[in-house]
Amino acid sequence: MTTTACPVCRAAHVVEISLTIRERSVLMRSCSRCDSRWWHENGQRSSLDSVLELAATGR
């Protein structure tokens, strides 16, 4: 858990899952209270579509 607040419901704690896809740092944050999820790629806010495209590239 982290102390980053949810941007939707402002819950004080969210779950963070970090991984590396094609040498790029990807972070998913998830709020258990309102079920919101948001992504960051190399430190910048990103869309789920962008992360999925990154994961699918080169198949």
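**Figure 1. Overall view of the chain.** The chain exposes about 4200 Å², of which carbon and sulfur atoms supply 47%; accessible areas come from the Shrake-Rupley method with a 1.4 Å probe, and for residues only the protein chains shown count as cover. This is a predicted model, in which local features need pLDDT of at least 70 and side-chain atom pairs count only at pLDDT 80 or more, while totals for chains, interfaces and linings use all residues. Residues are numbered from 1 along each chain as its sequence is written, and side-chain values use heavy atoms, with hydrogens and water left out. Helices (H or I, at least four residues) and strands (E, at least two) are DSSP runs, numbered from the N terminus. Along the principal axes, the C-alpha atoms fill a box of roughly 35 × 15 × 15 Å.

**Figure 2. Pairing of strands E1 and E2.** Strand E1 (residues 15-21) pairs with E2 in the antiparallel sense over seven bridges; two strands pair if DSSP finds at least two bridges between them. Ile-17 has Met-28 of E2 as its bridge partner. The hairpin of E1 and E2 has two residues between the strands, and Arg-22 takes a positive phi near 50 degrees in this hairpin.

**Figure 3. Pairing of strands E2 and E3.** E2 and strand E3 (residues 37-41) run antiparallel and are joined by five bridges. The bridge partner of Leu-27 in E3 is His-40. In the hairpin of E2 and E3, six residues lie between the strands, and Asp-35 takes a positive phi near 65 degrees. Five of the seven residues of E2 are buried, so E2 is largely enclosed by the rest of the structure. Buried means under 20% relative accessible area, exposed over 50%, and partly exposed in between (1.4 Å probe, protein chains only).

**Figure 4. The nonpolar cores.** A nonpolar core is a set of buried Ala, Val, Leu, Ile, Met, Phe, Trp, Tyr and Cys residues joined through side-chain atoms within 4.5 Å. The largest one has six residues, namely Ile-21, Val-26, Met-28, Trp-39, Val-51 and Leu-54. Strand E2 (24-30) and helix H1 (48-56) each supply at least two residues of this core. A second, separate core has five residues, including Cys-6, Val-14, Cys-31 and Trp-38.

**Figure 5. The surroundings of Met-28.** Leaving aside residues up to four places away in sequence, Met-28 touches Val-15, Glu-16, Ile-17, Arg-37, Trp-38 and Trp-39. Contact means heavy atoms within 4.5 Å.
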